[in-house]
Amino acid sequence: MTMDAQSAPVRVLVFGAARRAGSTNAQLASLASNLIAETGAEVDLARMRDFDMPLYDGDVEDSEGLPAGALALCERIKRCDAFVISSPEYNASVPGLLKNAIDWVSRVRPQPFKTKHALLVSSSPSMIGGNRGLWALRVPLEHLGTRVYPDMFSLPRAYEAFTEDGRLAHPGSHERLADTICGFMRLVRADVEFVCLQRRWYEFPGDRTDAPVTHRSEN
């Protein structure tokens with residue numbers, strides 16, 4: 001699962017969207033970061049604890065500006081070509097902690113989610129593996145202009161899914177995750193090197209870009 005060694009490495013931010021230190025989504029994020037590094041990319045592995053912020057409040061934004069945690073996450077996203085989120089599923093949807101972070105960071109101008117590539121993965125003790133939460137997570141990210149990769153990875157029965165060395169116990173699951181990451185990284189590298197996807201995205205009044213009119217090519 002290696003890329004052309006002559007190409008400049010792409011930069012990928014990976015973080016687990018759960019605060020609990022023993023979260024299986026933190027384990028999945030760590031495994032994903034290792035697999036991404038094997039493709040030759042530069043990986044920035046982070047935790048949600050790195051980006052503490054209060055609940056979004058427009059009055060607080062007006063009086064105090066954006067919190068330090070939101071600005072830190074924004075800068076980490078800006079520095080990457082793509083990001084990977086390993087998210088738990090809370091009541092068949094997006095964890096409030098993650099949605100709150102997206103809401104705060106979206107207030108930056110220009111907001112950093114626009115045109116970034118994203119891969120969504122999840123782990124859960126349920127048989128569904130957190131997949132419903134990932135479908136819900138796609139909505140705000142795509143709304144903000146993120147190019148969310150079509151394939152997603154969900155890991156069921158997560159508390160018994162990892163080996164002691166951090167791999168997935170089921171060989172088929174490990175292979176599927178590796179294949180998903182490999183396909184995602186090929187798309188990201190193609191876009192970074194050959195600009196295979198271009199578009200103009202106006203999200204808010206006053207939000208502008210110097211990019212030309214939309215062009216899209218796929219190969």
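Buried, as used here, means under 20% relative accessible area, while exposed means over 50% and partly exposed lies in between, with a 1.4 Å probe and protein chains only. This is a predicted model, in which local features need pLDDT of at least 70 and side-chain atom pairs count only at pLDDT 80 or more, whereas totals for chains, interfaces and linings use all residues. Residues are numbered from 1 along each chain as its sequence is written, and side-chain values use heavy atoms, with hydrogens and water left out. Of the 219 residues in the protein, 48% are buried.

**Overall layout**

- The protein has six helices and eight strands, where helices (H or I, at least four residues) and strands (E, at least two) are DSSP runs numbered from the N terminus.
- Along the sequence these elements follow the pattern β-α-β-α-α-β-α-β-α-β-β-α-β-β.
- Of the contacts between residues at least 6 apart in sequence, 76% join residues at least 24 apart, a contact being heavy atoms within 4.5 Å.

- Strand β4 (residues 117-123) is largely enclosed by the rest of the structure, because seven of its seven residues are buried.
- His117, Leu119, Val121 and Ser123 point one way from β4, and Ala118, Leu120 and Ser122 point the other way, with all of them buried.
- Strand β3 (residues 82-86) runs parallel to β4 and is joined to it by five bridges, and Ala82 has His117 as its bridge partner in β4; two strands count as paired if DSSP finds at least two bridges between them.
- Between β3 and β4 the chain passes through helix α4 (residues 96-105), giving a right-handed β-α-β crossover, a term that applies if, with the strands pointing away from the viewer, the path from the first strand over the helix to the second runs clockwise.
- Strand β5 (residues 147-148) pairs with β4 in the parallel sense over two bridges, and Ala118 has Val148 as its bridge partner in β5.
- Strand β6 (residues 153-155) also pairs with β4 in the parallel sense, over three bridges, and Val121 stands opposite Phe153 in β6.

**Aromatic pairs**

- Four aromatic pairs are found in a search of the whole structure; rings of Phe, Tyr and Trp (its six-membered ring) pair if their centres lie within 6.5 Å, and planes under 30 degrees apart count as stacked, over 60 as edge-to-face and the rest as tilted.
- One of these pairs joins Phe15 and Phe51 edge-to-face, at 6.4 Å centre to centre and with 75 degrees between the planes.
- Phe15 lies in strand β1 (residues 11-16) and Phe51 in the loop between β2 (42-47) and α2 (58-64), so this pair ties together parts that are 36 residues apart in sequence, and both Phe15 and Phe51 are buried.
- Tyr56 and Trp104 form an aromatic pair that is also edge-to-face, at 4.8 Å centre to centre and with 70 degrees between the planes.
- This pair links distant parts of the chain, with Tyr56 in the loop between β2 and α2 and Trp104 in helix α4, 48 residues apart.
- Tyr56 counts as partly exposed at 34% relative accessibility, whereas Trp104 is buried, with a relative accessible area of 0%.

**Nonpolar cores**

- The largest nonpolar core has 30 residues, and those with the most contacts inside it are Ile85 and Leu141; such a core is a set of buried Ala, Val, Leu, Ile, Met, Phe, Trp, Tyr and Cys residues joined through side-chain atoms within 4.5 Å.
- This core draws at least two residues from each of β1, α3, β3, α4, β4 and α5 (131-143), and its largest share, five residues, comes from α4.
- Leaving aside neighbours within four places in sequence, Ile85 is in contact with Phe15, Ala17, Leu98, Leu119, Leu120, Val121, Leu137 and Leu141.
- A second, separate core of 27 residues includes Val14, Ala29, Ala82 and Val84.

**Helices α3 and α6**

- Ala68 lies in helix α3 (residues 68-78) and is exposed, with a relative accessible area of 64%.
- Helix α6 (residues 171-194) has 24 residues and reaches 34 Å from its first C-alpha to its last, close to the 34 Å expected at 1.5 Å a residue, the expected span being 1.5 Å times one less than the number of residues.
- The buried residues of α6 include Leu177, Ile181, Phe184 and Val188.
- Val195, which follows α6, has a positive phi near 50 degrees.
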